Amino acid sequence: MGLKWTVTIFIFSVICCEFSTPWMRDNSYVAKKRTDLKRRCPNVKAIRNFDLEKMMGFWYVVQYYASTEELPEYACMHSHFTFSDEDQHITMNFTYIFAEDPLREKLQGNLTWMIPEFNTPAHWMHIEDIYEGIYNTYVLDTDYATWSLIMHCAEKKKHPRYLSALLLSREPQLGENVINFLREKLPRYDIDLSFLFSINQTSCDNLMESSQDDPLAYIVNGRKNAKNMFKVIMKP
């Protein structure tokens, strides 16, 4: 192997390490085998006597689970729910940062639901057409004033289900006894609690405003820069 090729491989390895998150290099979660990647969504009964109006407003996401996430990557995650009388849709605008981002750039997105049956208003269905098949959201429990627990599940052909859950709080922190109470509701849906991660809500007031509307812009731009740098290295 020539010296030029050896140097090229070394530089490429440095770039890969630079653009990979420290969690991927150092965290033991990577080696843990998941037991929660089921094919179908669980059967869920939305809570009864749900008051949709009381659920609306601002929430801190204090813990987060997703069947596609194996590392605690997020911080300063917030959700704001609104209900439109005009089209009868629920919208959740959310913001967050990547915990390892030194710039602390605030990213944002939104989800929109319809209520398929108004006699069960705690069950919502996503209206976005980017999702294939079934995608439901359920409010599993809430006291409206302090805490709430919601779960999303999507089914896609030939792939494991996508399942996520949010532990919400009206304040930046939630009592440990309440968190344990809410966490205990999730294993019945085959959720592995070792992948239910806490979301740091400290120092979230002065975040860098993102110049991109796409929540994935941070990752995509990073990978594109790495690819361009690699092209320069390999240029004869």
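## Contacts along the chain

In this predicted model, residues 24 or more positions apart account for 60% of the contacts in the protein chain with a separation of 6 or more. The chain contains five helices and ten strands.

Of its 236 residues, 44% count as buried. The protein chain exposes about 14200 Å², and carbon and sulfur atoms supply 53% of that area.

## The nonpolar cores

The largest nonpolar core is made up of 29 residues. Within this core, the residues with the most contacts are F50, M55, Y64, F81, I90, W124 and L168. Two or more core residues come from each of α3 (52-55), β1 (57-66), β2 (74-84), β3 (89-98), β4 (105-114) and β8 (162-169). Strand β3 gives the most, with five residues.

Apart from its neighbours within four places in sequence, I90 is in contact with L52, M56, F81, T82, F83, L111, T112, W113, I115 and W124. A second, separate core has 24 residues, including Y138, C153, I191 and L196.

## A buried loop residue

A122 lies in the loop between β4 and β5 (123-126). Is this residue, A122, buried or exposed? A122 has a relative accessible area of 0%, and it is therefore buried, since the cut-off for a buried residue is under 20%.

When neighbours within four places in sequence are left aside, the contacts of A122 are A46, I47, F50, T137, Y138 and V139. One of these, T137, is 15 residues from A122 along the chain, and the C-alpha atoms of the two residues are separated by 8.2 Å.

Definitions and conventions: Residues numbered from 1 in each chain as written. Predicted model: local features only at pLDDT ≥ 70, side-chain atom pairs only at ≥ 80, totals over all residues. Heavy atoms only, no water. Helix = DSSP H or I, 4+ residues; strand = E, 2+ residues; numbered from the N terminus. Buried < 20%, exposed > 50% of the residue type's maximum accessible area, 1.4 Å probe, protein only. Contact = heavy atoms within 4.5 Å. Areas by Shrake-Rupley, 256 points an atom, 1.4 Å probe, with all protein chains shown as cover. Core = buried A, V, L, I, M, F, W, Y, C linked by side-chain atoms within 4.5 Å.
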